[in-house]
Amino acid sequence: MSDLLLPEQGARPWLPASNVTALTTLNQYDIPLSGLIQQGETVFLYTCLLGELEDQNVWAYSRLSEAEVEGLNSLLDDELAAATDDALADRMLVVAVASDHQLVAWLPIDAGIEGPLALAKRFLGHMAARLRETQRDVETLESQPELASR
Amino acid sequence: MEIRPREIADDEYVSQYGSQQRGFQDRPRIQDTDGLSGILGELTPAEARRRVRRVGAPTGDDGVRYARVGDLRAAYFEVRHTPWPGNTLHVSIRYPSEWDDAVAGTFNRCFSDPVWHQRTGGRA
């Protein structure tokens, strides 16, 4: 099993694939904002990094050890927020952008100890660069003589 | 961790967190959620923000508005303490039938004018 969550296009950010089971909600405000989910044998943390009230938001998915699962299941409020930050550090994550509560695109991100804000910023930078590259590729294809002649 | 919900009295207040840019939610955000969230008590914008947003410091964009629980219940909204580990003061506000434009208007009328975060002085 991969260390990384395998999301599906259009899935809810808090239930990011059809083979994911919801285990625990850790926080919710109008929509689920963080919690534990399982894909195969692996337990992941999901958490909204940015855009909690907005229609567009950034989400992170982190594989958890058994000890981390136990820790996250036993803490409250500020202590839980601190443990959640720790669970996003020093590992490969999947970070995703969602629009209207549906996953749109995602990237693997090698997280250091930069914290969730810097992580979201770095992800958005990577995603913007990738989209620019895709746009250039599409424009190149659109200018192919085969299309111009029709 | 299971947290025991408690009864909420009619004379208690709930805070709703919102933003200048986005305003305040007055109906469920998506079809597969059945209500709105609030926070038990009269919190400042900064206190409310900390229970909702993971990153960043409070700014003038952060706001709260307050409703007396008895006023919400008199308008047929169900108000229950539904604590989450990340927000033990979480409150669920539901409506027993369709949450349409008229219900959204009634919901808005239950709340005070918004209070916005101020960097210095006033409610922070």
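The points below go from one chain as a whole to the interface, and then to single residues.

1. A word on the kind of model first. What you are looking at is a predicted model, so please read every distance, angle and area below as a value computed from predicted coordinates.

2. The C-alpha atoms of chain A occupy a box of roughly 65 × 30 × 30 Å along the principal axes. Among contacts in chain A with a separation of 6 or more, 44% link residues 24 or more positions apart.

3. Next, the surface and charge of chain A. Of its 150 residues, 43% count as buried. The chain exposes about 7,600 Å², with carbon and sulfur atoms supplying 53% of that area. Chain A carries 9 positive and 24 negative side chains, and the centres of these two sets are 10 Å apart.

4. Between them the two chains bury about 2,800 Å², 50% of it on carbon and sulfur atoms. On the chain B side, B:Met1, B:Arg29 and B:Arg54 lose the most area to chain A, and together they make up 28% of what that side buries.

5. Salt bridges deserve a point of their own. Over all chains the count is 15, and 6 salt bridges run between chain B and chain A. One of the pairs is A:Asp78 with B:Arg50, whose closest N and O atoms are 2.7 Å apart.

6. B:Arg53 is worth a look in your viewer. This arginine forms a salt bridge with A:Glu54, at 2.9 Å between the closest N and O atoms. B:Arg53 sits in the loop between helix 1 and strand 3 of chain B, while A:Glu54 sits in the loop between strand 3 (42–50) and strand 4 (56–63) of chain A, so the pair joins two chains. B:Arg53 counts as buried because its relative accessibility is 13%, whereas A:Glu54, at 22%, is partly exposed.

7. Which part of chain A does B:Arg54 reach through its salt bridge with A:Asp85? The side chains of A:Asp85 and B:Arg54 meet at 2.0 Å, N to O. A:Asp85 belongs to helix 2 (residues 77–86) of chain A and B:Arg54 to the loop between helix 1 and strand 3 of chain B, so this pair, too, joins two chains. Both residues are partly exposed: A:Asp85 has a relative accessible area of 32% and B:Arg54 one of 23%.

8. Within chain B, B:Arg73 and B:Asp10 form a salt bridge of 2.8 Å, N to O. Since B:Arg73 lies in helix 2 and B:Asp10 in the segment before strand 1 (13–19), the pair ties together parts that are 63 residues apart in sequence. B:Arg73 is partly exposed at 27%, and B:Asp10 is partly exposed at 40%. Salt bridges with shared partners also join A:Glu52, A:Glu54 and B:Arg53 into one network.

9. Helix 1 of chain B, residues 45–52, is mostly covered, with 6 of its 8 residues buried. Among them are B:Pro45 and B:Arg49. B:Pro45 and B:Arg49 are also touched by B:Asp62, whose other contacts include B:Tyr17, B:Arg53 and B:Trp116. B:Asp62 is in strand 3 (residues 62–68) of chain B and counts as buried, at 1% relative accessibility.

10. Is each one buried or exposed? A:Asp30, in the loop between strand 1 (20–29) and strand 2 (31–39) of chain A, is buried at 4% relative accessible area. B:Tyr76, in the loop between helix 2 (69–74) and strand 4 (78–81) of chain B, is exposed at 60%.

Definitions and conventions. Residues are numbered from 1 along each chain as its sequence is written. Chains are lettered from A and ligands numbered from 1 in the order in which they are written. This is a predicted model: local features need pLDDT of at least 70, side-chain atom pairs count only at pLDDT 80 or more; totals for chains, interfaces and linings use all residues. Side-chain values use heavy atoms; hydrogens and water are left out. Buried means under 20% relative accessible area, exposed over 50%, partly exposed in between (1.4 Å probe, protein chains only). Contact means heavy atoms within 4.5 Å. Accessible areas come from the Shrake-Rupley method with a 1.4 Å probe; for residues, only the protein chains shown count as cover. Lys and Arg count as positive and Asp and Glu as negative; His and the chain ends are not counted. The place of a charge is taken as NZ of Lys, CZ of Arg, CG of Asp or CD of Glu. Buried area is the accessible area (1.4 Å probe) that two parts lose on being put together, summed over both. A salt bridge is a side-chain nitrogen of Lys or Arg within 4 Å of a carboxyl oxygen of Asp or Glu. Helices (H or I, at least four residues) and strands (E, at least two) are DSSP runs, numbered from the N terminus. Lists of a residue's contacts leave out its neighbours within four places in sequence.
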